[in-house]
Amino acid sequence: MADMLVKLYNIPHSHDIEENLFKSGIRIKKALAPDRSRIIAFSRTCAKDDYSDEVKAAFSNNPITCYIATREKEIIGFACYEATARNFFGPMAVLESERRKGIGKALLLKSLESMQELGYAYAIIGWPAKSAVDFYKKCVDAILIDEKSSGVYKRMIEIDE
């Protein structure tokens with residue numbers, strides 16, 4: 001799968017989505033070091049892929065480059081940026097039972113807003129799942145980058161290009 005590109009100066013603001021989620025008991029927060037172990041454990045089990053290595057990388061950044069979604073003090077989603085590479089968004093996951101409520105969009109927008117604050121005009125969504133491509137197109141007008149290789153991911157052990 002190819003990466004996607006987002007113009008950060010065109011993204012919608014997260015405020016209204018966050019406010020609606022807050023009314024239903026869902027909070028979007030910047031992750032803090034004391035919750036590192038819980039968030040890493042969640043990232044191992046909440047999706048079909050294990051994202052714990054990238055979450056650990058996000059916690060090694062200063063400031064931490066990870067947002068979480070919680071309900072009643074339980075993690076229900078997370079999103080990282082600048083974890084795999086500079087200017088890359090991802091990974092992100094929301095519990096399947098909590099999807100289609102705006103949580104993923106709020107996590108995405110908060111992360112992209114933080115990337116914009118870092119000075120980026122564009123962001124790369126790294127190697128999104130096919131099932132997520134339409135989500136990114138709809139939320140932030142992301143476009144697929146026409147690329148025949150695996151981009152930065154070709155350096156991974158299991159990819160031999």
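**Figure 1. The largest pocket of the predicted model has a volume of about 1,400 Å³.** Of the 40 residues that line this pocket, the closest to its centre are Y51, M92, A129, A132 and Y136. At least two lining residues come from each of the helices α3 (52-60), α4 (103-117) and α5 (130-140), and the strand β5 (88-94) likewise supplies at least two. Sorted by class, the lining of the largest pocket is made up of 20 nonpolar, 13 charged and 7 polar residues.

**Figure 2. Helix α1 (residues 15-23) packs on α4 at an angle of about 135°, and the axes of the two helices lie 9 Å apart.** Because of that angle, α1 is classed as oblique to α4, and the crossing of this pair is left-handed. On the α1 side the contact is made by I17, E18 and L21, which meet I103, K105, A106, L109 and K110 on the α4 side. By class, the residues in this contact are 5 nonpolar and 3 charged, with no polar residue among them.

**Figure 3. Helices α4 and α5 cross at roughly 65°, their axes coming within 11 Å.** The crossing of α4 and α5 is right-handed. Helix α4 contributes G104, K105, L108, L109 and L112 to the contact, while α5 contributes F135, Y136, C139 and V140. The classes represented in the contact of α4 with α5 are 7 nonpolar residues, 1 polar residue and 1 charged residue.

**Figure 4. A cis peptide bond links N62 to P63, with omega near 5°.** P63 is placed in the loop that runs between α3 and β3 (66-71).

**Figure 5. The peptide bond that joins G90 and P91 is cis, and its omega is about 5°.** P91 has its place in strand β5, a strand that supplies at least two residues of the lining of the largest pocket.

**Figure 6. E72, a residue other than glycine, has a positive phi, near 50°.** This residue, E72, lies in the loop between β3 and β4 (74-81).

Methods
Residues are numbered from 1 along each chain as its sequence is written. This is a predicted model: local features need pLDDT of at least 70, side-chain atom pairs count only at pLDDT 80 or more; totals for chains, interfaces and linings use all residues. Side-chain values use heavy atoms; hydrogens and water are left out. On a 1 Å grid over the protein atoms alone, a cavity is a set of points where a 1.4 Å probe fits but cannot get out, and a pocket is an open set with protein on both sides within 12 Å along at least five of seven lines; lining residues have an atom within 4 Å of a point. Grid points are joined across faces, edges and corners, and a volume is the space filled by probe spheres set on the points. Helices (H or I, at least four residues) and strands (E, at least two) are DSSP runs, numbered from the N terminus. Ala, Val, Leu, Ile, Met, Phe, Trp, Tyr, Cys and Pro count as nonpolar, Asp, Glu, Lys and Arg as charged, and the others, Gly among them, as polar. Axes are lines fitted to C-alpha atoms, for helices over the stretch in contact, and angles run from 0 to 180 degrees between N-to-C directions. Angles under 35 degrees count as roughly parallel, over 145 as roughly antiparallel, 65 to 115 as roughly perpendicular and the rest as oblique. A crossing is left-handed if the near helix is turned anticlockwise from the far one by less than a right angle, and right-handed if clockwise. Contact means heavy atoms within 4.5 Å.
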